[in-house]
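Student: Please show me the chain, and then we can go through it by question and answer.

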Amino acid sequence: MSTIHVMEAANLFAGDHDPTASKHLTLAELKLPTLQEMYQDHHAGGSRVQIEVAVGIQKLEPTFKLNGWDPDLLTQFGLGSSRQKVFTAYGVIRDKRTGLAIESKAVIEGRLGKIESDAFQRGELQGHEYAINEVMHYELWFNEKEKLFWDFFSTEWRLDGVSQNDDERRILRVQR
């Protein structure tokens, strides 16, 4: 049966599930990473038509915007922070046919690589845009079901909980 799923609310924890790291009061925008394949053009010597060949997936670049200033996030920025941080985003997705509220969850491990301030204008709420770079781990869950899982270090890539590269990992002798 067809339906439409609409996101109604979101929250972001910058620093895993520490309750004091919740950004629900200042979160203005949340953009999960774009999922985009990389392609190379190939024109075989014996072919009249060029094709493109999928060769991988582009780097993941999630962003978010917070209203106001966030001094705690400033300390997570850049090279002064020696490790990746865990960012966990939760969304309330509404099934418009049934009215049921569904949880979405994204878990991202990366570095807070960019903080860009809005221009200050009197009478306007100044905000800051943030980018998570050097993403090494990404999970996307919908209604408590894993939809996508990727981890750089284990090379694991799953869709709907099913490994997409077990054969490759087995042939290359890559351990989990």
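**Strands, burial and overall form**

Tutor: K145 belongs to strand β9. This is a predicted model, in which local features need pLDDT of at least 70 and side-chain atom pairs count only at pLDDT 80 or more, while totals for chains, interfaces and linings use all residues. Residues are numbered from 1 along each chain as its sequence is written, and side-chain values use heavy atoms, with hydrogens and water left out.

Student: Is K145 buried or exposed?

Tutor: Buried means under 20% relative accessible area, exposed over 50%, and partly exposed in between, with a 1.4 Å probe and protein chains only. K145 has 53% relative accessibility, so K145 counts as exposed.

Student: How far apart are the C-alpha atoms of K145 and I57?

Tutor: Along the chain, K145 and I57 are 88 residues apart.

Student: Where does S154 lie, and is S154 buried or exposed?

Tutor: S154 is in the loop between β9 (145–151) and β10 (156–159). Its relative accessibility is 16%, and therefore S154 counts as buried.

Student: Which residues does S154 touch, not counting residues up to four places away in sequence?

Tutor: Contact means heavy atoms within 4.5 Å. With residues up to four places away in sequence not counted, S154 touches R169, V174 and Q175.

Student: Why does G91 count as buried?

Tutor: G91 sits in strand β6 (residues 85–95). G91 counts as buried because its relative accessibility is 5%.

Student: What is the C-alpha to C-alpha distance between G91 and A9?

Tutor: G91 touches M7, A9, A10, I102, E103 and S104, leaving out residues up to four places away in sequence. G91 and A9 are 82 residues apart in sequence, and the distance in space, C-alpha to C-alpha, is 5.6 Å.

Student: How many helices and strands are in the chain?

Tutor: Helices (H or I, at least four residues) and strands (E, at least two) are DSSP runs, numbered from the N terminus. Along the sequence the pattern reads β-β-β-β-β-α-β-β-β-β-β-β-α. The count is 2 helices and 11 strands.

Student: What radius of gyration does the chain have?

Tutor: The radius is taken over C-alpha atoms, and the globule rule is 2.2 Å times the number of residues to the power 0.38. A compact globule of 176 residues would be near 16 Å, but the chain has 20 Å.

Student: What share of the 176 residues is buried?

Tutor: The C-alpha trace spans about 65 × 45 × 40 Å along its principal axes. Of the 176 residues in the chain, the buried share is 31%.
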